[in-house]
Amino acid sequence: MNKPIYHITPEKGWMNDPNGLVEYNGVYHVFYQADPEHLINENIGWGHKISSDLLHWEECQPALLPDQSYDRDGCFTGSAVIKDDKMYLLYTGHVNQESGYIETQNLAVSKDGIHFEKYDGNPVIKNPPADTTMRFRDPKIWEKNGNYYAVIGGETEDKCGKVVYYRSRDLQEYTYCGVFADSDGSIGNMWECPNFVQIGNTDVLIISPKGLEKENGFSASFESGYMTGKMNYEEGMFSHASYKKLDHGFDFYAPQVMECGDRKILFAWFAIPDSPGKEMEDGWRHLLTIPRELKVASDNSLLMTPIEELKKLRTKVLEKTVPGASWNCNIENQPLELLLTGRYEELCFEIADKNESLLELTLKKDNIVLKQKREDGWQIRTCSYYDDIMRKLQIYMDYSTIEVFINDGRYVFSSRIYPVGSLDFRINAAADNEDGSLKIYSLSL
């Protein structure tokens, strides 16, 4: 199986959540949950890759290994912050016990962004707050007005998801500030991987709930979503709107945001905890999504668009046409970008390989439906559609991935796809006019 070329993948072994996304001295750092010796998360530490352009990634030595009493069974997800020209990692240490497990928050520091030393005073946050179980993990830290704040995912004693938060002046001593956001149990029993970011004048909390139930309207047990609002630091209150789903595909979880000046760039784990990963036969499993820039729309919806740098990967135009009511072509499976623009009231996009139909994306007046052939047969994901016209459909494929962006990232679908042989693309569209344009680019590093 061909390995994706413009996605972050492990050299070997297991990969999951992106961690510690940070820009440091002009270099982009992406850490991630890694177990290079296994195809399951058996001995989790932090892998590490760096880049000067967000396209070409260099493998570094592991940043964290589970080698201390407080993290011996895993250096779980966390984040990074720069202070006094040093990089600090705040992460969850996981320790299994006969009665369950213990999760604590710990600190590591680096003077060069490559070599890290764990703080002698770890754990810096030893116990979860009251009414919080030991499911207490994944700190995201940021600086505001000389203070450092950390949100941490948790679960109440009544098994409802929540996010708590802490404040620190020095990254070593932390004061519990209370509940940042919580749920009545209708949005899962545990909120993992909280991220908090300011985009323009809007504050955004991103979470990855687990334990979601179909009776509450969820199609899977795991997903990622967000709440927009405003943080009042003086009163310690995050006022926010209701929860919205972030990505509507089958394989998207645990996103984390990197601060790149005014740009906020998101990576996510291109899987959910029970995703299979057919690449295991080649000695590696899972990868990260392409980097996406976050923006807030006028209605406070969060938009995800492929970063501009990805245009540099275009090497050749494989197809250029003005599509009519129907169009199809056959192209070798390869890294590519499909870009459809115009005015389309309805649209159906299909992909087949040499054996069978694999995927169908249907856009109608009130919803978008993704139908995909999965391990256990055809499955469906849907989202409500509020736009009168589809103006732009942008699709990135990288051998075994597909990422769909509709109307500049207002609707996004990310899924793993494993074609056999060449790709057969078909489009049937109801167009509002005849100014449509379709291009397919081959992509290369």
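Before you click: residues count from 1 along each chain as its sequence is written, and side-chain values use heavy atoms, with hydrogens and water left out. Because the model is predicted, local features need pLDDT of at least 70 and side-chain atom pairs count only at pLDDT 80 or more, while totals for chains, interfaces and linings use all residues.

**Stop 1: the largest pocket**

Select Lys 244, Lys 245, His 248, Cys 383 and Ser 384, the lining residues that lie nearest the centre of the largest pocket. In all, 24 residues line that pocket, and about 590 Å³ of space lies in it. (On a 1 Å grid over the protein atoms alone, a pocket is an open set of points with protein on both sides within 12 Å along at least five of seven lines, and lining residues have an atom within 4 Å of a point; a volume is the space filled by probe spheres set on the points, joined across faces, edges and corners.)

Now colour β17 (244-245), β22 (302-306), β28 (377-384) and β31 (411-416), each of which supplies at least two lining residues. Strands here are DSSP E runs of at least two residues, numbered from the N terminus. Which strand gives the largest share of the lining? That's β28, with four residues.

**Stop 2: the cavity**

Next, pick Ser 219, Phe 222, Asp 251 and Arg 381, which are among the residues lining the largest cavity. (A cavity is a set of points where a 1.4 Å probe fits but cannot get out.)

**Stop 3: an open sheet**

Show the five strands in the order β4-β3-β2-β1-β20; they form an open sheet with mixed pairing. (Two strands pair if DSSP finds at least two bridges between them.) β4 (58-59) and β20 (284-285) stand at the edges with a single partner strand each, so one side of each has no neighbour in the sheet. Zoom in on Gly 13, whose bridge partner in β20 is Trp 284. Strand β1 (residues 13-24) and β20 pair in the parallel sense over two bridges.

**Stop 4: Asn 122**

Finish in the loop between β8 (117-118) and β9 (136-144), where you'll find Asn 122. Is Asn 122 buried or exposed? Asn 122 is buried, with a relative accessible area of 11%. (Buried means under 20% with a 1.4 Å probe, protein chains only.) Draw a distance to Tyr 70: the two side chains make a polar contact at 3.0 Å. (That's a pair of N or O atoms within 3.5 Å; within protein, one must be able to donate a hydrogen and the other to accept it, and residues adjacent in sequence count only if both atoms are side-chain atoms.)

Terms used: Buried < 20%, exposed > 50% of the residue type's maximum accessible area, 1.4 Å probe, protein only.
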